[in-house]
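Please open the structure in the viewer and keep a selection panel at hand.

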Amino acid sequence: MDPESVTRSRTMDRLRRFWSGNKRFQLMLTLELAVMLPAAALIGVNFYHLKSIERDKALEAAFHRDFQQMLVISEKQINHKAYGMVEGVRDRFPSPDADKADKIRALDTVLTQHQSLAHVFLFDPVNGLVLRSQPDRLSDWHFLEEHRRLEKTFAGWLGFEAKTMLETLRKRSRPVSWYAERTKRNGRYTYTTTGFFPLPHVSKDRIVLAGATFEPEYLWHSFFPEMLEALIAYKHGEEGGNPIAMVVYPAEPDGDTATLTLTGYGGDTTASSAGWRDGAPEVSRNFSDVFDGLALGIKFQGTSVAALGRRWITNSFLILGVLSLLLVAGLVLTYRSVSKEVALARLKSDFVSNVSHELRTPLSLIRLYAETLELGRVKGQQKTAEYYAIIRKESERLTALINNILDFSRIEAGRKEYEFRQTDLAELVRNTLDTYRAQIDEQGFTFEQSIDPGLPPVPVDREAIARSLVNLVNNALKYSDREKFLGVKLYRDDGAVKLEVRDRGIGIARNEQAKIFDKFYRAGDPLVHNTKGSGLGLSLVRHIAHAHGGEVRVESAPGKGSTFTLTLPLEPAARQPDRDAVRMAG
């Protein structure tokens, strides 16, 4: 192979080894590719979309389109009601062939029954125009002048245009034509409109026109306010959302409805809904049929479209930010959880490896010495006794290890049971230490034992407490390097009995003191890693302490040794249910 190929092959081998050996890197890359990148892309797209909405003012445009649609519907409804009112009085008009006195009486009756009308009239070329007005308003000089002006205007105008108007009206589905004008009431200008229509009971060959003029006071104080309130109530009931307000007002002479103005009109020419406040409408629309010259405006109550758009954009950005934070937090939690699972899996793997070695060593020794004895190769009684002692110690060591594993298995499955009996702890501690005394002396440890006299009986599980003491003593023996010292103290303190195991070994760093009681955990000191162990001993000690309603604590410093204190309450009532849901047998 050429040097370049060799270099490339070595590089690929290093990358493969790095990939296969770095589980954390694999996890991070998987999270980024599978979750982070799609989530970041989604957040980016949403952010860009919100910015485009903000830049193009798309939300304001949507509100304006909705307002325009509302105004179109409102104009149709208002016009529909005006048509209906005129069509409702049309049948009450007299025949054009009746004498004048009968016409006057009939027209006056129409006015009496419909106070919303200011004037009514009937025209035919033969008999001329008969116009009647609300009699109680004729005392107003401006109303009287209006009556005279309309009488003169309609008589002259209809005399020339009646035939043409009738031909046009009969082509419509609703044969009514409207004439809007500015007029005066009580010295101020206002607005009204007049409807022209043919009579349904008159032959189409005859030229007969009738009409009715709305009373301005009725339009501005009753008709428009009631229609606006009904329209708003219907929209709010159908769609909900922010409350709206509407207004009817005179349009500018050039048709512009951008601002609400009263130019040339009095104060009685503005009608609004209850929620209207000062200011211009957001969107306006000119009337084009019945109420030509007026405009219809709409806006939100107490706010504006621009303010709603800004608020919506702001809230959307806030929600997007919160979702982004939650996503990042979820990824962090997921990473931590998976990291813990990876670490736990690694610890379990180390545990299997350590336990396998722990089991193999005593088994190998037992087999070796048993085979030697069986083959009769041992000379002398003393040597034979020594081999038997080794086999016994290794079997005890093997039994202790297996018991730890079995206890841990029961605890994990929630099937561990404890049998609490009143026990002389002093005797239990002495007997347990006696079985280990030979091993302590053999390894060259200085041993101190202090047991207070007169300790009361304590309700405990004898086997569990003995195993806790054995585990603590084993730790002291295994992790003492230079100064080999072991001290065991049993004493009473404030309603509890405390069992201390002290050594002057390698000690434990402060940041690891809370972790050493976790299952499978082993401290980072080189001596710990070079010493085989299962990582279950201290976890079992803590579990046993909790099951007895007590606790286990450690005081330690690197290079200065450790003191483990197991606290057991004197009274059974002091025991608390263990967090691992241990069942107790009494």
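Begin by selecting helix α10, residues 462–478. Its 17 residues, at 1.5 Å a residue, should span 24 Å, and the end C-alpha atoms are 24 Å apart, so the two values agree; the expected span is 1.5 Å times one less than the number of residues. Helices here are DSSP runs of H or I with at least four residues, strands are runs of E with at least two, and both are numbered from the N terminus.

The model is a predicted one, in which local features need pLDDT of at least 70 and side-chain atom pairs count only at pLDDT 80 or more, while totals for chains, interfaces and linings use all residues. Residues are numbered from 1 along each chain as its sequence is written, and side-chain values use heavy atoms, with hydrogens and water left out.

Remain with α10 and colour by accessibility: 14 of its 17 residues are buried, so defined by under 20% relative accessible area, against over 50% for exposed and partly exposed in between (1.4 Å probe, protein chains only). Next, display Asp461 at the start of α10, where one of its side-chain oxygens comes to within 3.2 Å of the backbone nitrogen of Glu463.

Zoom out to the whole protein. Twelve helices and 18 strands make up its secondary structure. Of its 586 residues, 42% count as buried. The protein exposes about 32,100 Å², of which carbon and sulfur atoms supply 53%; these areas come from the Shrake-Rupley method with a 1.4 Å probe, and for residues only the protein chains shown count as cover. Among contacts (heavy atoms within 4.5 Å) between residues at least 6 apart in sequence, 68% join residues at least 24 apart.

Now select strand β5, residues 209–214, in which six of six residues are buried. Leu209, Gly211 and Thr213 point one way from β5, whereas Ala210, Ala212 and Phe214 point the other way. Phe123 has Leu209 of β5 as its bridge partner.

Move to the largest nonpolar core, which has 49 residues. Such a core is a set of buried Ala, Val, Leu, Ile, Met, Phe, Trp, Tyr and Cys residues joined through side-chain atoms within 4.5 Å. Helix α6, residues 216–239, gives the most to this core, with nine residues. Select Phe224: beyond neighbours within four places in sequence, its contacts are Ile78, Leu219, Val248, Ala271, Phe291 and Leu294. A second, separate core of 44 residues includes Ala464, Leu490, Ile544 and Val554.

Finally, select Asp494 in the loop between β14 (485–492) and β15 (496–503). Its phi is near 50°, a positive value in a residue other than glycine. Asp494 is exposed, with a relative accessible area of 74%.

Key. Two strands pair if DSSP finds at least two bridges between them. A polar contact is a pair of N or O atoms within 3.5 Å; within protein, one must be able to donate a hydrogen and the other to accept it, and residues adjacent in sequence count only if both atoms are side-chain atoms.
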